[in-house]
Amino acid sequence: MTEPLLKVENLRIELALRSGQAPVIDDLSLELHAGETLSFVGESGCGKSMTALAIMGLLPEGVGSVASGRILFDGRDMAQMSDEELRGIRGNEISMIFQEPMTSLNPVYSVGEQIAEVLRRHKGMNKAQAWTRATELLDAVRIPNAAARVSDYPHQMSGGQRQRVMIAIALACSPKILIADEPTTALDVTVQAQIFDLLRDLGRETGTAIILITHDMGAVAEMADRMVVMYAGRKAEDGPVRPVIDHPRHPYTKGLISCVPHLLAELTEERPDLTEVAGIVPSLGSFGADACLFASRCDLADDRCRSQRPPEVAFGDQHSACWKADQL
Amino acid sequence: MTALLDVKNLSIRFPVKRSWGRSSWLYAVDDVSFEVKRGETLAIVGESGSGKTTAALGVARLVHASGGTVNLDGQDFLSLEPEDLRQARAKVQVIFQDPYSSLNPRLRAEAIVREPMDSIGTLPVSERPARVAELFEQVGLRPEQMKLFPHQFSGGQRQRIGIARALSTNPELIICDEAVSALDVAVQAQILNLLRRLQRDLGLTYLFISHDLGVVQHMSDHIAVMYMGKIVEYADRLSLFNNPKHPYTKALLSAVPSVDQKRKVERLLIPGDPPNPLDPPKGCRFASRCPFVENACRAAQPPLDEIAPQHKVACIKASH
Ligand SMILES: Nc1ncnc2c1ncn2[C@@H]1O[C@H](COP(=O)(O)OP(=O)(O)OP(=O)(O)O)[C@@H](O)[C@H]1O
Ligand SMILES: Nc1ncnc2c1ncn2[C@@H]1O[C@H](COP(=O)(O)OP(=O)(O)O)[C@@H](O)[C@H]1O
Ligand code: SF4
Ligand SMILES: [Mg+2]
Ligand SMILES: [Mg+2]
């Protein structure tokens, strides 16, 4: 197997809370290989965006910091890099798109100027070259009539088109990694399908690896090669998408899949009540506890679950951090 | 069985300023008719801006309808005079998407739940506290939580408060406008189960708006698909999901990613955006994006024809 493009090793991120330092990510390890799509799933507050921001070197200043562990990109530890070095990587080799495209675009510049600016900063292009390339990029993200639309301002575009512009900006420097944090949550399902098709095609054409953060298991199933299920700042389970969905080895993964009313191939009259996962994600202050943090919501929990953090158990390429993984 | 809610030819328009001081009407809901039987759920689906919320608010008399009638439980709801209206209003309640902004942050949970009872005034004042306590139990909140303020609750609990408040007037019809969209899947399941249990126990009728088609198939008996202010397809649950007829419905369903590998629907792409709602096309409103369009589609608006019992479609190529 080739070296992974990105290797996160035993990452611990701490936040400065009023009550002191507390971990928001605890002992997280993962790998991302060139050309693959990896999904992060889990409920709000489980640390998906935090992990993404750490990989971008964009943890909230003065609040969040890497306490231990390594983030190896191309063999170099990003957690040890200076701001200067990170700026050279961010938007260039690793870029990110966010949920709300309107707030990430600057309303007073045309979309062409905003794409061109990235190219001039990272690729040293002159004005004319950057503008030509901006038009090509808009065309590449399938904006009809790109040559005319390149002069449009963000408010002149629909939500789906703005998200395409964000993708064009993110792809301007042909990054090795594209992180998409809930990129379609604010969009209609037909537009979501177009954005997903676009990401999939671009991933294939350019070999860019994609980290897709989403709460939609259907999207994971259709888009991703592998997935990481996060719970309360830790990895609950990871592995290739199909095996994880078809035979989850962690009660949290199982709960996430079975509590959703899915659109199946053929609907029938029957509609039993949904399987509930009781309760909610624990508060941030308890993310460091030596226990399974899912225990308060888990039907299988026993005393050991409540007093010792479960180690990771492997089932082929699939890994689960559950004391009872072999019973599932 | 007669319908609890019978909406006929409902139109709702908003004045919109255009350039050079001109103004014109935007028809958010344009000549829409549907029925909902007592104890059933009608879901309304369609892309953002298609008129789902406006139609529902029109039914509840929370926006002014420029045309049409709403018959609720045998009464002509839109033409009721103030005295009768106050009583009739108790029969329709709305649960909104955002449990954060739809609850008054300065009121304790018990006061929020009690508010509609106070404004309608049917129940004697002395009986209201007991009713509040009963509602708390019904939606799965603990009695001691009655004294807390909205910010002291989680998102799911806040939505439970919203449901308790909606139930406080013993409504017949509850409009759920993206009521679970802001919730995480686990909490969403808890709330969906609660809504279904309340429907069974209390015989409630729901008008259920959601963009999540998985949730819609789980909750609804019938579905109305809206596009640019019009219903383009109406069908019972199994017909709509297993046998959609309108090209827009097909595109919508084919866009939903699924965990089910057997669900291999060929994706029907609809390019571009909907046309400007201020200048709706003369013929079928979907014509500009429809993969099956032909000249006749642009000539006149296709009527919503019944192609099978409980199945209506507004498309000239689907209706015969
Ligand atoms: N700047 C900050 N200061 C303090 N706490 C923060 C900050 N940013 C995030 N958090 C907390 O860190 C935890 C994880 O946040 P994060 O946004 O990474 O989770 P997430 O799983 O991506 O959630 P969501 O799906 O809602 O975006 C949450 O409890 C959140 O409240
Ligand atoms: N108060 C208003 N003034 C002007 N236009 C409005 C107003 N409310 C809604 N609209 C327009 O009516 C149409 C339907 O809106 P809405 O009912 O909110 O759609 P949905 O709920 O399906 O997103 C949209 O074009 C919207 O912009
Ligand atoms: S370790 Fe115990 S509590 Fe945690 S998920 Fe497994 S069985 Fe449940
Ligand atoms: Mg997030
Ligand atoms: Mg709406």
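Analyst: In this predicted model, a polar side-chain atom of Ser44(A) lies 3.1 Å from an oxygen atom of ligand 1. Lys48(A) also brings a polar side-chain atom to ligand 1, at 2.9 Å from an oxygen atom of the ligand, whereas Met50(A) takes part through its backbone, a polar atom of which is 2.7 Å from an oxygen atom of ligand 1. The surroundings of ligand 1 comprise 14 residues, of which Gly45(A), Cys46(A), Lys48(A), Ser49(A) and Met50(A) are the closest.

Turning to chain B, the residues that surround ligand 2 include Phe14(B), Leu26(B) and Ala28(B), together with a run that takes in Glu47(B), Ser48(B), Gly49(B), Ser50(B), Gly51(B), Lys52(B), Thr53(B) and Thr54(B). For Ser50(B), a backbone N or O atom lies 3.3 Å from an oxygen atom of ligand 2, and for Gly51(B) a polar backbone atom is 3.2 Å from an oxygen atom of that ligand. Thr53(B) contributes through its side chain, where an N or O atom is 2.6 Å from an oxygen atom of ligand 2.

Ligand 3 has 13 residues around it, and those that come nearest are Cys292(A), Cys298(A), Cys305(A), Cys322(A) and Trp323(A). Sorted by class, this shell holds 11 nonpolar residues, 1 polar residue and 1 charged residue.

As for the helix pairs, in chain A the axes of α7 (residues 159-171) and α8 (residues 189-206) come within 10 Å and cross at roughly 15 degrees; because that angle is under 35 degrees, α7(A) and α8(A) are roughly parallel to each other. Gly160(A), Gln163(A), Arg164(A), Ile167(A) and Leu171(A) make the contact from α7(A), and they meet Val191(A), Gln194(A), Ile195(A), Leu198(A), Leu199(A) and Leu202(A) of α8(A). Among the residues of this contact, 7 are nonpolar, 3 polar and 1 charged, and the crossing of α7(A) with α8(A) is right-handed.

In chain B, α5 (residues 155-167) and α6 (residues 185-202) pack at an angle of about 20 degrees, their axes being 10 Å apart, and α5(B) and α6(B) are therefore roughly parallel to each other. Here α5(B) supplies Gly156(B), Gln159(B), Arg160(B), Ile163(B) and Leu167(B), while the residues from α6(B) are Val187(B), Gln190(B), Ile191(B), Leu194(B), Leu195(B), Leu198(B) and Leu202(B). The contact of α5(B) with α6(B) divides into 8 nonpolar, 3 polar and 1 charged residues, and the crossing of these two helices is right-handed.

Technical notes
Residues are numbered from 1 along each chain as its sequence is written. Chains are lettered from A and ligands numbered from 1 in the order in which they are written. This is a predicted model: local features need pLDDT of at least 70, side-chain atom pairs count only at pLDDT 80 or more; totals for chains, interfaces and linings use all residues. Side-chain values use heavy atoms; hydrogens and water are left out. Axes are lines fitted to C-alpha atoms, for helices over the stretch in contact, and angles run from 0 to 180 degrees between N-to-C directions. Helices (H or I, at least four residues) and strands (E, at least two) are DSSP runs, numbered from the N terminus. Angles under 35 degrees count as roughly parallel, over 145 as roughly antiparallel, 65 to 115 as roughly perpendicular and the rest as oblique. A crossing is left-handed if the near helix is turned anticlockwise from the far one by less than a right angle, and right-handed if clockwise. Contact means heavy atoms within 4.5 Å. Ala, Val, Leu, Ile, Met, Phe, Trp, Tyr, Cys and Pro count as nonpolar, Asp, Glu, Lys and Arg as charged, and the others, Gly among them, as polar. A residue is near a molecule or strand if one of its heavy atoms lies within 4 Å of it. A polar contact is a pair of N or O atoms within 3.5 Å; within protein, one must be able to donate a hydrogen and the other to accept it, and residues adjacent in sequence count only if both atoms are side-chain atoms.
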